[in-house]
Amino acid sequence: MPIVPDTKNWTWVLDEPCTDCGFDAATVAFADVPGLVRRNAAAWALPLASPHVALRPDDSTWSPLEYAAHVRDVFRIFDARLALMLTEDGPTFANWDQDATAVADDYGAQDPTVVASELAAAAEAVARSFDTVPAGALGRTGFRSDGSAFTVESLATYFVHDPIHHLHDVVG
């Protein structure tokens, strides 16, 4: 059964704590993001090793495998967005329909061992990218296709909520 697409504008997590997962952007410094990404990636190993990794808990919730494939792609997308912000002035990011990607790439049928490896590699790549941002570049801007504006610093905080939230979705 297809999942109902999430149409929320999650940029509010920059201004108030997430009541679902407990993430509070006000407590996250830019320098914390690479470590948060690495710890998050490591924590996906256990759910991806479960024999039930591809089972959805109900008709409206992704399986752990689908969440992990999404998180892998989030790491990749935000690494590319960060690179754009550091190399172009005020880029507008291409729209990414995460729900269409989940269907087109058949997240639920992917090999969990491959997803685990790719998630770890993508996490390390984006963590390294955030690690190497010069302090003077934190104010560089970029725009989502809906017009939401980010600095490199706010993009990092907005981004890191997603994998943290989805790990909470899977393991609580």
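Start by selecting helix H3 (residues 64-87) together with helix H6 (residues 152-171): their axes come within 10 Å and cross at roughly 175°. Axes here are lines fitted to C-alpha atoms, for helices over the stretch in contact, with angles running from 0 to 180 degrees between N-to-C directions. That crossing makes H3 roughly antiparallel to H6 (the label for angles over 145 degrees). Helices themselves are DSSP runs of H or I with at least four residues, numbered from the N terminus.

A word on what is loaded: this is a predicted model, in which local features need pLDDT of at least 70 and side-chain atom pairs count only at pLDDT 80 or more, while totals for chains, interfaces and linings use all residues. Residues are numbered from 1 along each chain as its sequence is written, and side-chain values use heavy atoms, with hydrogens and water left out.

Glu66 lies in H3 and Arg56 in the loop between helix H2 (45-49) and H3, so the pair ties together parts that are 10 residues apart in sequence. The whole structure has 10 salt bridges.

Next, select helix H1 (residues 33-43) and helix H5 (residues 112-131), which pack at about 175° with axes 8 Å apart. H1 is therefore roughly antiparallel to H5. Val33, Pro34, Val37, Arg38 and Ala41 of H1 meet H5 residues including Leu119, Ala123, Val126 and Phe130. This contact of H1 with H5 divides into nine nonpolar, no polar and four charged residues.

For the last stop, centre the view on Asp6, Thr7, Lys8, Trp10 and Gln98: of the 35 residues that line the largest pocket, these are the closest to its centre. H6 gives the largest share of that lining, seven residues. By class, the lining has 14 nonpolar, 11 polar and 10 charged residues. A pocket is an open set of points on a 1 Å grid over the protein atoms alone, where a 1.4 Å probe fits, with protein on both sides within 12 Å along at least five of seven lines; lining residues have an atom within 4 Å of a point.

Methods:
Helices (H or I, at least four residues) and strands (E, at least two) are DSSP runs, numbered from the N terminus. Angles under 35 degrees count as roughly parallel, over 145 as roughly antiparallel, 65 to 115 as roughly perpendicular and the rest as oblique. Ala, Val, Leu, Ile, Met, Phe, Trp, Tyr, Cys and Pro count as nonpolar, Asp, Glu, Lys and Arg as charged, and the others, Gly among them, as polar. A salt bridge is a side-chain nitrogen of Lys or Arg within 4 Å of a carboxyl oxygen of Asp or Glu. Contact means heavy atoms within 4.5 Å.
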